Amino acid sequence: MEELEKLRKEIDQLDKMIAELISKRQGLSYKILKAKGGKFTYDPVRESKVMKKILSYDINSELAERIWRQIIAFNLSTQKKLKIGHLGDDKFSIAAYESYFGPYFKIRDFKNVTKLVEGISNKIIDVAIIEKSQFAPVKVNSKIKIVSEFPLNEYFYKKKYLILK
């Protein structure tokens with residue numbers, strides 16, 4: 001029993017350290033926004049680089065991606081409330097949305113891929129999340145770009161998702 005208490009105490013200390021480091025990271029994120037002159041820039045390329053670096057560390061990649069996606073999404077939400085679109089009839093895209101962006105943003109349902117893409121083009125939404133296979137056959141406005149893929153290493157419910165901007 002003594003060993004169990006000792007191990008639990010060690011976990012408690014690690015939890016405190018993790019919480020302090022997350023708080024410090026959030027503070028740096030705020031400083032970055034100030035260094036940008038207060039201008040919000042959603043930078044999925046930078047996020048992807050951060051994620052790939054994190055995934056190179058000695059940690060389970062699925063766990064790491066989910067944790068860091070939430071940290072990044074929360075930091076984004078303190079800068080701007082993105083309007084995000086998805087296909088309304090796809091429960092898995094809602095789950096992917098929450099895993100990628102967290103519960104911090106407004107989500108808007110679209111009835112089909114064409115309307116979703118039009119939502120980005122017409123600035124009704126800032127970004128969209130869509131299952132990769134649903135996007136492939138659609139002719140896309142050349143201004144719409146695939147800016148990220150989720151998840152990076154695994155599959156989410158046996159699917160890959162695209163983030164469009």
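Predicted model: local features only at pLDDT ≥ 70, side-chain atom pairs only at ≥ 80, totals over all residues.
Leaving aside neighbours within four places in sequence, Ser61 is in contact (heavy atoms within 4.5 Å) with Leu55, Asn153 and Glu154. Residues are numbered from 1 along each chain as its sequence is written, and side-chain values use heavy atoms, with hydrogens and water left out.

Ser61 lies in helix α3, residues 61–79; helices here are DSSP runs of H or I with at least four residues, strands are runs of E with at least two, and both are numbered from the N terminus. Ser61 is buried, at a relative accessible area of 17%, where buried means under 20% with a 1.4 Å probe, protein chains only.

Let me turn to the partner helix. The axes of α2 (residues 44–55) and α3 come within 10 Å and cross at roughly 145°; axes are lines fitted to C-alpha atoms over the stretch in contact, with angles from 0 to 180 degrees between N-to-C directions. On the α2 side, the contact is made by Glu47, Val50, Met51, Ile54 and Leu55; α3 contributes Ser61, Ala64, Glu65, Trp68, Arg69, Ile72 and Leu76.

Finally, helix α5, residues 113–121, has as its buried residues Val113, Leu116, Val117, Gly119 and Ile120. These pack against β1 (83–87), β2 (106–110), β3 (127–131), α6 (132–135) and β5 (161–164). Lys123, with a positive phi near 60°, follows α5.

Definitions and conventions: Buried < 20%, exposed > 50% of the residue type's maximum accessible area, 1.4 Å probe, protein only.
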